Structure formats: C-alpha cells, structure tokens
Amino acid sequence: MALVLKFGRGDAARCRFAISPLQETMSALLVLKDPGRHGWYLPWLRDVEPVVAGLDLGLLGLAVPSNGHGPDFLWPSPTSPLTRIEDDLAQVRATDPAVVAAELAEQARRLDRHTVPGDLYRALTGDPVAARETLVAQQRTAWRALVEPLWDRMRGLLDADITTRARQLADGGLEGLFADLHRRATWKNDELHLTGFRDGTVDLRGRGLILVPTAFGWPNLGIGPTDNTSATSPALVYPMLGTARLWEPATQSPAIVRLLGSGRASVLTETFIPSTTRSLAQRVDLAPATVSEHLAVLRAAGLVTAKRRGREVLYGQTPLSAALLNLDRF
C-alpha cells in the first residue's frame, strides 16, 4: 500500500521545514505507551518515571493515537522552524468545535468501551469545547513534564537536521532531499510515494509540503492531513538525523581535560549538540556566567561556533574541535 503526494506547479517552491514542540510531546506519549520501541529511550523513560504517575493526562491518554489513528486536530501542522509550544497549543484551541466533536467521536469508536472509565468516555464524547480545553491543558502539562526539560538539547539536533536537509534540497532538489529521508519515502515522476499508508493520492494543489524532523517519533514516518479538500499544507514528519545522540551521555577525553581544564572541557564536549548558554550551564552544572567565559575562549580558539536562532544563540563544535575530541579514538 502507498500514499502518493502529487506535486504540481508551485509545490516544490512551497516546501519548507518546521519544528513542533507539540509534535514531540504527543510522540513522547506514544513512547510511554510503547516503552519497548527502542532501547535508546530507556534513559529518558527512567528520568520521567517518577513524575508520570502524578500527571493528570486521562483524557489525552484516550485521545493519543492507537495503531496510527487518532484525532488530527491534536497534531497541528507547525508553521515555522521557530514554532513555540504556545503557537502549537493556540492552533489546537482554535479548532472548530464541530471538527473536535467529529474526530473525538471517531476516536471513541476505536476504543473498547468496557476498558474506559465512564467519566472519561463521557468527557470524550460530550461537550467538544470543554473537551478541547481539557485536552489543551493536558498537552501543556505533558510538555512541561516530559519534553521541556530536554528541549534545548533536542532543539539543537532538530536545527542541525534542518540545516543538513535544506542543503540537500538546495543541491539536489526534491530528488536529492528524498533520496535518504526515510526508507518508506520514494521520489519519482514528480510524486512522493509513501509506503505503509492507505492507498490513495493527495494533490498538493499549490499548498506545498511541510517537512518536520522529530526525535520522539523515531523510527516512524507520519503524514497529515491527507484530506484533498483541506486548505492546510500536509506535514511530513520524519526521524531527525542523529537521534541516538540525544540520549547518549557526553564523554570527556582525559587528555582534553588536562589540556583545557575540567570546566572548559565539559563545555566543549557538551556542544556536540548545538546549545544555548543556559542549556549548557544546566548540563555541566556551572554558572551561566562561567559557561559564557569558557565559550568566549573556545570561540576565539576556533573550537566553537555561534549561530543565532531567533533571540537565542546556539554554540556548536567546529570540525577542528570534533577532530580534537576524537583523537583518543585513533
């Protein structure tokens, strides 16, 4: 089975990248439902285990997709690489109550009524405005508890993926971009063929395509909305490059520690994921002012780059520092 996306005039020019904090939050809930998906989620699962039991996510838990199906309005297409969680939640809150009612009713039909608490089932199938507000509140709770603590680190990898993919698009067009985006995505004859989805055709009709890298969504590929009548651009959600690095602890070379000192070596090692000063300070347990001083020295030495993202500055390793940190592996 395959879903085919037809690209017409203007669609290629309207392909763009975006990130979604809410997408990561909803995908994190899927990992909680299926903790055995991949071993590298185990560090995160251990970290959040103490707080999960105390979260009030009952209604949202019922609405989280099962077998790939769920209410689309809970997964809005992001609009920008700078999307914030409040931007995502505002889209959910703006959903027409009629759409909320229809999609929640469809979700209710997928559930085994005998296993669902009566109060939650009534909330799911009752007043759509009240249900929508409850779901938005629970999405915000899930974001704060499950994803926000590591968002700076995650955001650095998402940005790095977009930089790499955008270069592929510029150098090789759509054919070059989709050549290694995902094993289930194949580009041919001005069409993108996505295997593993229902058979059908989506005419983009000048809407273009939003490309959304994800960490918690690995190794899956997602697409939506797929309604030909929708005015919204479909979002193709794909696993970001280097996902495993998000969960791997940064290791310091003893030789680099002797060369740079413990604090400066810690900061340099942690910049293998482009990060803000605040995020680095949290991870190396140093004061932000101290980290800022270390970054200034490392940058002057050509070991760290600084790139602005909106109001923030991300610090990442240069090829020189990456080679220096890997010397002890040879």
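The model is predicted, so local features need pLDDT of at least 70 and side-chain atom pairs count only at pLDDT 80 or more, whereas totals for chains, interfaces and linings use all residues. Residues are numbered from 1 along each chain as its sequence is written, and side-chain values use heavy atoms, with hydrogens and water left out.

**Salt bridges**

- The count comes to 11 salt bridges, a salt bridge being a side-chain nitrogen of Lys or Arg within 4 Å of a carboxyl oxygen of Asp or Glu.
- Side chains of opposite charge can pair when their charged atoms come close.
- Glutamate 106 and arginine 110 form a salt bridge with an N to O distance of 3.0 Å.
- Glutamate 106 and arginine 110 lie four residues apart in helix α5 (residues 97-110), which means that about one helical turn separates them; helices (H or I, at least four residues) and strands (E, at least two) are DSSP runs, numbered from the N terminus.
- Glutamate 106 is partly exposed at 37% relative accessible area, and arginine 110 is also partly exposed, at 32%; buried means under 20% relative accessible area, exposed over 50%, and partly exposed in between (1.4 Å probe, protein chains only).
- Arginine 132 and glutamate 133 are joined by a salt bridge of 3.4 Å, N to O.
- In this pair, arginine 132 is buried at 11% relative accessibility, while glutamate 133 is partly exposed at 32%.
- Aspartate 152 pairs with arginine 278 in a salt bridge whose closest N and O atoms are 3.0 Å apart.
- This pair links distant parts of the chain, with aspartate 152 in helix α8 (residues 151-178) and arginine 278 in helix α11 (residues 277-284), 126 residues apart.
- Aspartate 152 is buried at 11% relative accessibility, whereas arginine 278 is partly exposed at 48%.
- Arg93, Arg132 and Glu133 belong to one network, joined by salt bridges that share partners.

- Alanine 53 sits in the loop between α2 (42-52) and α3 (58-63) and is exposed, with a relative accessible area of 74%.
- From alanine 53 to proline 254 the C-alpha to C-alpha distance is 40 Å, and the two are 201 residues apart in sequence.
- Glutamate 191 belongs to strand β4 (residues 191-195) and is buried, with 19% relative accessible area.
- The residues in contact with glutamate 191 (heavy atoms within 4.5 Å) are Val4, Leu5, Lys6 and Thr186, not counting residues up to four places away in sequence.

**Helix α7**

- Helix α7 (residues 128-147) has 20 residues and spans 27 Å from its first C-alpha to its last, close to the 28 Å expected at 1.5 Å a residue; the expected span is 1.5 Å times one less than the number of residues.
- The buried residues of α7 include Ala131, Arg132, Leu135, Trp143 and Val147.

**Nonpolar cores**

- A nonpolar core is a set of buried Ala, Val, Leu, Ile, Met, Phe, Trp, Tyr and Cys residues joined through side-chain atoms within 4.5 Å.
- The largest nonpolar core has 70 residues, of which Trp44, Phe178, Leu192, Leu209, Phe216 and Leu236 touch the most other members.
- Helix α8 supplies the largest share of this core, eight residues.
- Tryptophan 44 touches residues including Ala28, Leu146, Phe216 and Trp247, not counting residues up to four places away in sequence.
- A second, separate core has 14 residues, among them Leu268, Leu298, Val304 and Tyr315.
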